[in-house]
Amino acid sequence: MKTIGIIGGMSWESSAQYYALINRHTASRRGGLHSAPIILDSLDFAAFETLQARGDWQRAGELLAASARRLQAAGADLLVLATNTMHIVAEDIESAVSIPFLHIADPTADALLADGAGTVGLLGTRFTMEMDFYKDRLRARGLEPLVPEVDRTNLDGIIYNELCRGIVSDASRAVYVEAIERLAARGAEAIILGCTEIGMLISDDDSPLPVYDTTALHAAAAVEAALK
């Protein structure tokens with residue numbers, strides 16, 4: 001099995017989920033006591049949150065490219081970036097290394113298309129919902145993403161102020177369910193949990209529409225790539 005390099009720490013809550021999901025999927029695929037060879041470069045999310053707020057994507061890209069180079073030098077055979085939002089600088093990471101980089105939107109699109117979805121609701125940070133880097137990746141695959149028209153600030157705040165700190169509340173779950181209901185009324189057939197922490201809050205049991213957890217799908221795709 002190839003070694004999976006993870007650029008993590010954004011947030012560490014979701015990076016911990018990546019570690020668990022990758023190893024569980026590896027055990028399921030390989031059996032016995034098998035676990036995955038993983039190299040994790042866990043970064044300080046506070047620094048990146050500051051860069052996000054400033055809109056300094058250039059510096060963020062430089063830091064993530066440096067992380068990618070460290071992972072390749074340490075022996076990683078492929079890379080995943082354990083965050084949706086920072087895929088805004090995916091090209092900086094890809095150009096910094098010679099090993100494969102698995103974009104988080106791709107396994108999500110694969111799963112949606114396999115299930116026959118076309119119009120999909122996209123939930124995430126305000127950057128993911130409002131900027132085009134993620135939506136354009138989905139559109140290129142033939143999907144039509146919808147984002148909430150209202151309460152984006154509330155959704156974003158729940159991610160940064162609660163989920164990234166390990167706080168999961170019923171009140172915040174209700175906010176997300178209401179956003180999903182509104183997306184369903186506009187024609188969404190499924191929901192992308194387009195932030196790696198949202199799966200802590202929302203599952204299929206909570207949602208009126210099927211949800212596609214990017215963290216779980218990305219982790220599974222990393223294992224499949226490592227087994228090829």
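**Strands and helices of a predicted model**

Biologist: Helix α1 (residues 12-30) lies across β1 (4-8), β2 and β3; at what angle to β1 does helix α1 run?
Modeller: This is a predicted model, in which local features need pLDDT of at least 70, side-chain atom pairs count only at pLDDT 80 or more, and totals for chains, interfaces and linings use all residues. Residues are numbered from 1 along each chain as its sequence is written, and side-chain values use heavy atoms, leaving out hydrogens and water. Helices (H or I, at least four residues) and strands (E, at least two) are DSSP runs numbered from the N terminus, and angles run from 0 to 180 degrees between N-to-C directions of axes fitted to C-alpha atoms, for helices over the stretch in contact (heavy atoms within 4.5 Å). For α1 against β1, the angle is about 160 degrees.

Biologist: Which strands stand at the edges of the sheet?
Modeller: The open sheet has four strands, paired in parallel, in the order β2-β1-β3-β4; strands pair if DSSP finds at least two bridges between them. Each edge strand has a single partner, so one side is left without a neighbour in the sheet. These are β2 (38-42) and β4 (101-102).

Biologist: What is the bridge partner of L79 in β4?
Modeller: Two bridges join β3 (residues 78-81) to β4. The partner of L79 is F101.

Biologist: How are α2 and α3 oriented to each other?
Modeller: Helices α2 (residues 45-54) and α3 (residues 57-74) pack with axes 8 Å apart, at about 150 degrees. Angles over 145 degrees count as roughly antiparallel. The two helices are therefore roughly antiparallel.

Technical notes:
Parallel < 35°, antiparallel > 145°, perpendicular 65-115°, else oblique.
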